[in-house]
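This report covers salt bridges, nonpolar cores and a chain interface. Please keep the structure open while reading.

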Amino acid sequence: MNVRLTENEIDYHAITESVRSPRAGAVVLFLGTVREFTAEKQTTALDYDAYPEMAIAKMQELVAEAAQKWPVIESVIEHRVGHLELGDVCVAVAVSSPHRLDAFEAGQFLIDELKIRVPIWKKENWIDGESEWVHPGSETQLSPNTEH
Amino acid sequence: MNLRVRLFARARDLAGTSEAELDLDTGATVNDLLTELVARYPDLEGLRSTLMVAVNNNYARAETIVPENSEVACFPPVSGG
């Protein structure tokens with residue numbers, strides 16, 4: 001299966017190898033990693049939660065859509081869930097195609113749409129001990145949920 | 001009809017449960033479901049305008065009628081990646 005959720009470290013070398021093909025002239029790998037600073041706020045770790053059945057269904061939908069829009073040879077999306085430390089890889093998207101422009105565009109489509117459609121959530125653990133679910137467009141961003 | 005609604009992320013934290021059991025009239029819409037959910041868990045009120053509902057793994061509109069025996073989930077905007 002070319003879309004996965006995992007609680008383990010993402011093996012992006014293996015993922016990259018899995019999309020390589022003699023028919024491809026281009027392989028693009030995107031990694032999302034845990035960032036320390038968001039504006040001035042300092043993160044110590046992230047916790048990811050997912051609605052697994054729907055997340056898999058939506059990622060499969062994205063892979064199928066990408067294959068309709070671009071001449072994709074292989075594509076893989078793997079997203080990690082659970083507790084992640086700074087610098088950890090939270091998501092990997094790998095795409096192969098005959099030419100580089102298609103591989104870049106399909107890869108960008110997959111990660112951009114993943115962030116819109118796939119039911120996965122991150123919780124920021126800030127350095128001051130507070131934690132807060134990230135829900136874009138929600139007013140709760142202005143009144144963080146405090147959990148000590 | 002009795003319906004189980006799976007909750008995620010901040011919606012789960014505020015409701016204090018990962019699964020809500022609701023009793024809805026046959027023909028109830030997604031909007032009716034949200035009204036019932038917030039009535040049962042008033043702490044969700046602040047999130048109400050942003051809550052999304054998925055029926056059988058697809059996003060559902062407010063006016064969509066909730067089919068019996070469907071898999072339903074409710075959650076705030078996603079933030080993966």
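A:E61 counts as partly exposed, at 28% relative accessibility. The model is predicted. The side chain of A:E61 meets that of A:R117 in a salt bridge, with N to O at 3.0 Å. A:R117 sits in helix α3 of chain A and A:E61 in helix α2 of chain A, so this pair ties together parts 56 residues apart in sequence.

A:R117 has a relative accessible area of 15% and is buried. The side chain of A:R117 also meets A:E65 in a salt bridge, at 2.9 Å from N to O. A:E65 lies in helix α2 of chain A, so its bridge to A:R117 in helix α3 links parts that are 52 residues apart in sequence. A:E65 is partly exposed, at 23% relative accessibility. Shared partners join A:K58, A:E61, A:E65, A:E113 and A:R117 into one network of salt bridges.

Over all chains, the count comes to 13 salt bridges. One of them pairs A:E78 with A:R4, and the closest N and O atoms are 2.7 Å apart. A:E78 belongs to strand β5 (residues 74-80) of chain A and A:R4 to strand β1 (residues 3-6) of chain A, so the pair ties together parts 74 residues apart in sequence.

A:R4 is partly exposed, with a relative accessible area of 29%.

In soluble globular proteins, nonpolar side chains tend to be buried together. Here the largest nonpolar core has 27 residues, and A:I77, A:L110 and A:L114 touch the most other members. Four elements of chain A, β4, α2, β7 and α3, each supply at least two residues of this core. The most come from α2(A), which gives six residues.

What does A:I77 touch, leaving aside residues up to four places away in sequence? Its contacts are A:N2, A:V3, A:R4, A:M59, A:V63, A:V91, A:A92, A:V93, A:L110 and A:L114. A second, separate core holds 24 residues, including B:V5, B:A28, B:L34 and B:C74.

## The interface between chains A and B

The size of an interface is often given as the accessible area lost when the parts come together. Chain A and chain B bury about 2300 Å² between them, and 52% of it is on carbon and sulfur atoms. On the chain A side, A:Y51, A:M54 and A:W121 lose the most area to chain B, together 26% of what that side buries. In residue terms, 33 residues of chain A are in contact with 23 residues of chain B.

Two salt bridges are counted between chain A and chain B. In one, the side chains of B:R6 and A:E53 meet at 3.2 Å, N to O.

Which elements of chain A give two or more residues to the side that touches chain B? They are β4 (41-50), α2 (52-69), β7 (89-97), α3 (100-117) and β8 (120-126). The largest share, six residues, comes from α2(A). By class, this side of chain A has 17 nonpolar, seven polar and nine charged residues.

Conventions:
Residues numbered from 1 in each chain as written. Chains lettered and ligands numbered in written order. Predicted model: local features only at pLDDT ≥ 70, side-chain atom pairs only at ≥ 80, totals over all residues. Heavy atoms only, no water. Contact = heavy atoms within 4.5 Å. Buried area = accessible area lost by both parts, 1.4 Å probe. Salt bridge = Lys/Arg side-chain N within 4 Å of Asp/Glu carboxyl O. Nonpolar A, V, L, I, M, F, W, Y, C, P; charged D, E, K, R; others polar. Core = buried A, V, L, I, M, F, W, Y, C linked by side-chain atoms within 4.5 Å. Buried < 20%, exposed > 50% of the residue type's maximum accessible area, 1.4 Å probe, protein only.
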